[in-house]
Amino acid sequence: MTKKVFHEIVVRLVEQANLAQIEKALKQDDFSTGKVQAYCEVLDTIKDNLLVEYEDYDLAQYGLADNLESIYS
C-alpha cells in the first residue's frame with residue numbers, strides 16, 4: 001500500500017468518525033454511541049502504530065494529532 005492510499009483511507013475514516021459523532025448527537029442511542037466508540041478505537045490503534053513504527057509521519061496531516069478520546073466522547 002502506498003503512502004497516498006494509506007493517507008486517503010485514514011482521512012476517510014476520520015470523516016466517517018466525524019459523521020458518526022454528528023449522528024450520535026442527533027439520535028442519542030446506544031448504537032450511535034457504539035459506532036463512535038468503534039471509530040475512535042480504530043483511529044487510536046492507527047495513531048499508536050504510527051507513533052511506534054513510523055515516527056516521521058505527521059499525525060496532524062491525518063487528523064490524528066489531538067486526543068481522540070476527548071474528540072469522540
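What you see is a predicted model. I will start with confidence. The average pLDDT for the protein is 91, and 100% of the residues score at least 70.

Next, the core. The largest nonpolar core holds 15 residues. Which of them touch the most other members? They are V10, V14, L43, L50, L64, L68 and Y72. Two elements give two or more residues to this core: α1, which runs over 3–27, and α2, which runs over 30–53. The largest share comes from α2, with five residues. As a general remark, nonpolar side chains in soluble globular proteins tend to be buried together.

Take V10 as one case from that core. Leaving out residues up to four places away in sequence, V10 touches I46, Y62 and L64. One of these partners, L64, is also on the list of core residues that touch the most other members.

On the surface, M1, V5 and I9 form a nonpolar patch. Together these three residues have about 320 Å² of accessible area. M1 sits in the segment before α1. Is M1 buried or exposed? Its relative accessibility is 77%, and the cut-off for exposed is over 50%, so M1 counts as exposed.

Now the charged side chains. How many salt bridges does the structure hold? There are two, and E23, K27 and K35 are linked by them in a network.

The pair E23 and K27 has its closest N and O atoms 3.9 Å apart. Salt bridges are counted within 4 Å, so this pair qualifies at 3.9 Å. Both residues are in helix α1, four residues apart, which means that about one helical turn separates them. K27 is exposed, with a relative accessible area of 52%.

In the other pair, K35 bridges to E23, and the closest N and O atoms are 3.4 Å apart. What does this pair tie together? K35 belongs to helix α2 and E23 to helix α1, so the bridge ties together parts that are twelve residues apart in sequence. K35 is partly exposed, at a relative accessible area of 29%.

Definitions and conventions: Residues numbered from 1 in each chain as written. Predicted model: local features only at pLDDT ≥ 70, side-chain atom pairs only at ≥ 80, totals over all residues. Heavy atoms only, no water. Core = buried A, V, L, I, M, F, W, Y, C linked by side-chain atoms within 4.5 Å. Buried < 20%, exposed > 50% of the residue type's maximum accessible area, 1.4 Å probe, protein only. Contact = heavy atoms within 4.5 Å. Patch = residues over 30% accessible without salt bridge, like charges linked within 9 Å, V, L, I, M, F, W, Y side chains within 5 Å. Areas by Shrake-Rupley, 256 points an atom, 1.4 Å probe, with all protein chains shown as cover. pLDDT = per-residue confidence, 0-100.
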